[in-house]
Amino acid sequence: GTPRPAQEDLDGAIIHRAARGVLVPQQPLGPSSARDHQELDRLQEFNHAQRHGDGAWPHAVRHHERRLPSEEPGVARQGHELGEVQRHGVAGGDPQGAHQGVQVHPQSGARGSPYSEGGALYAMGIIHANHFDKETKDYLLEQLHNAQSTEVLSHGACLGLGLVCMATADETIYEELKQTLYTDTAVAGEAAAYGIGLVMVGSANEKVIGELLAYAHDTQHEKIIRGCALALAMTMFRREEEAESLIQQMLLDKDPILRYGACFCIALAYVGTSQNAAIRRLLLGFVLCNVPDQLPGVVKLLSESYNPHVRYAAAMAIGIACAGSAQLEAHNLLQPLMSDGTDFVRQGAIIAMGLLYMQTSPGKTDRVKVFREKLLKVIGDKHEDVMTRFGAILANGIMDAGGRNSCASFFSKSGMLRPGAAIGFCLFAQMWYWFPLIHMFSLVLTPNALIGLTEKLKIPKNFSFKCGARPSLFAYPEAMQPPKKEEQVKAATAVLSTAAKAKALKEKKEKESELKKAASSADVDMDDKASAAENA
């Protein structure tokens, strides 16, 4: 499903691709649908996001999926830092331990699967994302030094370091990540580039920009080029006009991936500004996130494009900018795209619709009930395309993120732009290329709660308030129930007319045969009696 390089400019220019109850599929997913099983894991992960509960984390996974159960507790426990996290951990991020405790540090003794350990390091970063902690930084740095020979471990350590040190512009961490980048290994190099971007968010550091651009031109790995392109975009976060020289340089580059990165550079440089110059060059969810009501009208014609990548981009732009709004115009734009002839367009439309209806109950609009039924139908349909089911499972988790007590938002309650949320959306949109980046969605979530304090800023013992809204507006979705086993009534077997005639003919012949046998036996008896009489 990866778009061709020529399409990347279109994708980036339009969008910047941008509960309760655990889902029980109506039909078994089957052993071949590994992607669907991964998405069921993530559905559970988003349901428990930021709740610090002991979810039933799945642990029956294949070797290439072992990192997932180690990463997901990080999403559930994001923001619950030292004192909450048991730092002694389990060897290799053991899945069984991961769901019984908050143990994410691999043991220094026995080594487990590198996939699980790499996922555990990534989970540490998610837990401390945008909340710098020196001890965690030192630990992840040590693990990075020890993991130079294992690409998967380096990948987890780089992402973890980037998240822990986000926007610190720490030169020491930058140099460490740069050494991993220069090893020119695809997976670890991509993660190192993302880590550099996270550390240097908004710094506009000329040295970093020059070295990233130079290495993006030197390497032959598309994954590393993409990581460098996104890192350059992150360094220009909210820099507006100051980012123009880099934007122009990247837009004119011969490499399509760097041109793709230039679109994200515009997005992050002008995020939430509605700046006319940026809008004239590209129409996207990031720049217009502060005026979501205007976006559906802007991308309406693009959603009807002949190019499926443009339709996908338009759908995701709507989802990113209008998350949690349940906007009717956005719904009407996404509805036909959910039945699109291209599988990944259906996937994007379903994910966007999930974002649109976050924290929306049937008491607010019946449309959300219809959409939930649609999701269950898609997930349970074994004949549906894998990519579409992937999107449906992910959308189901997004809708109920944090037990439906969290919503994706670029802005805080006071109206200030949240840098972590903008970066989270940017990296979440890269899931197209690398599934672990789906976990970055946890950065965009903001909890919704009513908190009462006394005049001394203490939690009151007896606290109550009056709410004039209907309880149905805040009702949780009903818990999923397994399908009931219904007694099957045996249906009457259909009988063809030719079969009935053949059966009647057979019965007639059998009767005739029996009559002949009876007549023959009667003649024998008469002959026997006559013979006996003559002898007498």
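1. How do the axes of helix H19 and helix H20 come together, and at what angle do they cross? In this predicted model, the axes of H19 (residues 367–380) and H20 (residues 386–399) come within 9 Å and cross at roughly 140°, the axes being lines fitted to C-alpha atoms over the stretch in contact, with angles running from 0 to 180 degrees between N-to-C directions. H19 is therefore oblique to H20, given that angles under 35 degrees count as roughly parallel, over 145 as roughly antiparallel, 65 to 115 as roughly perpendicular and the rest as oblique. Residues making the contact (heavy atoms within 4.5 Å) include Phe-371 and Leu-375 of H19 and Ala-392 and Ile-393 of H20.

2. In helix H8 (residues 171–181), the buried residues are Ile-173, Tyr-174, Leu-177, Lys-178, Thr-180 and Leu-181, where buried means under 20% relative accessible area with a 1.4 Å probe, protein chains only. Seen down the axis of H8, these residues fall within an arc of 155°, so they line one face of the helix. Among the elements covering them are helix H6 (134–146) and helix H9 (186–199).

3. Glu-190, found in helix H9, counts as buried because its relative accessibility is 1%. Its side chain is joined to that of Lys-223 by a polar contact of 3.0 Å, a polar contact being a pair of N or O atoms within 3.5 Å, of which, within protein, one must be able to donate a hydrogen and the other to accept it, while residues adjacent in sequence count only if both atoms are side-chain atoms.

4. Residues are numbered from 1 along each chain as its sequence is written. Local features need pLDDT of at least 70 and side-chain atom pairs count only at pLDDT 80 or more, whereas totals for chains, interfaces and linings use all residues, and side-chain values use heavy atoms, with hydrogens and water left out.

Methods. Buried < 20%, exposed > 50% of the residue type's maximum accessible area, 1.4 Å probe, protein only. Helix = DSSP H or I, 4+ residues; strand = E, 2+ residues; numbered from the N terminus. Arc of directions from axis to C-beta.
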